[in-house]
Amino acid sequence: MNTGLHVIFGTGAIGLATFDALRRRGRTVRLVNRSGHAAVPEGVEVIAGDATDPVFAVHAAQGATVIYQTMNPPYHQWSARFPALQAGVLAAAAATGARLVSMENVYMYGRPAGRPLTEDRPNSAHTKKGRLRSKMADELLDAHRAGRVEVAIGRASDYFGPRGGAQSNLGDRVFPAALAGKTSTVLGDRHHPHTYTYIPDIGEGLAVLGEHPDAPGEIWHLPNDPHTRTTQQLVDTIYRQAGQHRTRVRAVPPLLLRAIALTSPVVRELLEMQYQFEEPFIVDSSKITTRLGVTATPLDQAIAETLNSDLTTTRPHPERARS
């Protein structure tokens, strides 16, 4: 158990879910973002600054025993900003001696090729963003092996839940529409099984990685309901729990997505990731359940909690998280 100061870099959906999990444990938490403001109770310390500056990052992390990296630039800024953000947080962990818990996605694995994604799968990314994530993960693990920083890596699939916002495939485009009885939109083929990770489960998993003695030096898939459903089945459940008699949903046609990409750099970056919806995309998280005892919230319960939550959106921000 680590009862010292926990410092979270990033105050998007994932950063705030991690904050919630740590506060439930009674931990002292400091948040770091660019604005110095966050949706947290009065009295919680929030420091403003740019984590790409290692001097600032080290200062912001002073006194930390655990550091959580939940920042994630907008897609079109990944190459320019993401490695520098990680370098700043890595420098902070090295300077303070804190354990570093890094939030990642599963882009580095590449195509599932008919098999569930597991932590021992080699990195075979065929996309620009996947190769970048692979390189960044290798950098963290190399630092751990060299004894410079104690590192634990948590990886999540596409996420949904409270504060999911516009960056979640089941966020702003689905939940508010279901509550209003309007038509929702999703990306990709919605008829394949697809793993979605519940945001509070991500926060809980990262909090466990920050404190469990067996967590460092390994990659952990954050908890997912093992009963994977199709996107269509999830949307049907959302509409049913929202009290609607029928589901209203449409997928964005690939040609329309390409047309939008001509003027939108963010959508342009989405195109290479559509492979995730072209076949079953299942992320196995049995390792963290078996070894660390972290279980996923059942999907029906997670959907109900999301519908009953404050659906305040989490908009794209240079230091806000996405899975």
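The legends below describe close-up views of a predicted model.

View 1. Seven strands form an open sheet in the order E3-E2-E1-E4-E5-E6-E10, and their pairing is parallel. The edge strands are E3 and E10, the latter covering residues 219-221, and each of these two pairs on one side only. Averaged over the sheet and with direction ignored, neighbouring strands are turned by 20° against each other. As background for reading this view, strands of a sheet pair through backbone hydrogen bonds, and the pairing can be either parallel or antiparallel.

View 2. Together with helix H1, which spans residues 13-24, the strands E1 and E2 make a right-handed β-α-β unit. E2 also pairs in the parallel sense with strand E3, residues 45-48, here over four bridges, and Leu 31 has Val 46 in E3 as its bridge partner. Strand E2 itself, residues 28-33, is mostly covered, since five of its six residues are buried.

**View 3. Strand E6 and its surroundings.** Five of the five residues of E6 are buried, so this strand is largely enclosed by the rest of the structure. The cover lies on both faces of E6, with Val 151, Ile 153 and Arg 155 buried on one side and Ala 152 and Gly 154 buried on the other. Strand E5, residues 99-104, runs parallel to E6 and is joined to it by five bridges, and Ser 102 has Ile 153 in E6 as its bridge partner. E5, helix H4 (residues 128-145) and E6 make a right-handed β-α-β unit.

**View 4. The pairing of E6 with E10.** Strand E6, which consists of residues 151-155, runs parallel to E10 and is joined to it by three bridges. In this pairing Gly 154 stands opposite Trp 220 of E10, while the bridge partner of Arg 155 in E10 is His 221.

**View 5. Two loop residues with a positive phi.** Most residues other than glycine have a negative phi. Ala 113, although it is not a glycine, has a positive phi of about 55°, and this residue lies in the loop between E5 and H4. Its relative accessible area is 57%, and Ala 113 is therefore exposed, because the cut-off for that word is over 50%. Arg 163 likewise has a positive phi, near 70°, in a residue other than glycine, and its place is in the loop between strand E7 (158-160) and helix H5 (175-180). With a relative accessibility of 23%, Arg 163 counts as partly exposed.

**View 6. The largest pocket and its lining.** The largest pocket has a volume of about 430 Å³. Its lining consists of 27 residues, and those lying nearest the centre of the pocket are Ala 166, Gln 167, Arg 173, Leu 187 and Leu 270. Helix H8 (254-261) and helix H9 (265-270) each supply at least two residues of this lining, and H9 gives the most, with three residues. Sorted by class, the lining of the largest pocket holds 16 nonpolar, seven polar and four charged residues.

Technical notes. Residues are numbered from 1 along each chain as its sequence is written. This is a predicted model: local features need pLDDT of at least 70, side-chain atom pairs count only at pLDDT 80 or more; totals for chains, interfaces and linings use all residues. Side-chain values use heavy atoms; hydrogens and water are left out. Buried means under 20% relative accessible area, exposed over 50%, partly exposed in between (1.4 Å probe, protein chains only). A crossover is right-handed if, with the strands pointing away from the viewer, the path from the first strand over the helix to the second runs clockwise. Two strands pair if DSSP finds at least two bridges between them. On a 1 Å grid over the protein atoms alone, a cavity is a set of points where a 1.4 Å probe fits but cannot get out, and a pocket is an open set with protein on both sides within 12 Å along at least five of seven lines; lining residues have an atom within 4 Å of a point. Grid points are joined across faces, edges and corners, and a volume is the space filled by probe spheres set on the points. Ala, Val, Leu, Ile, Met, Phe, Trp, Tyr, Cys and Pro count as nonpolar, Asp, Glu, Lys and Arg as charged, and the others, Gly among them, as polar. Axes are lines fitted to C-alpha atoms, for helices over the stretch in contact, and angles run from 0 to 180 degrees between N-to-C directions.
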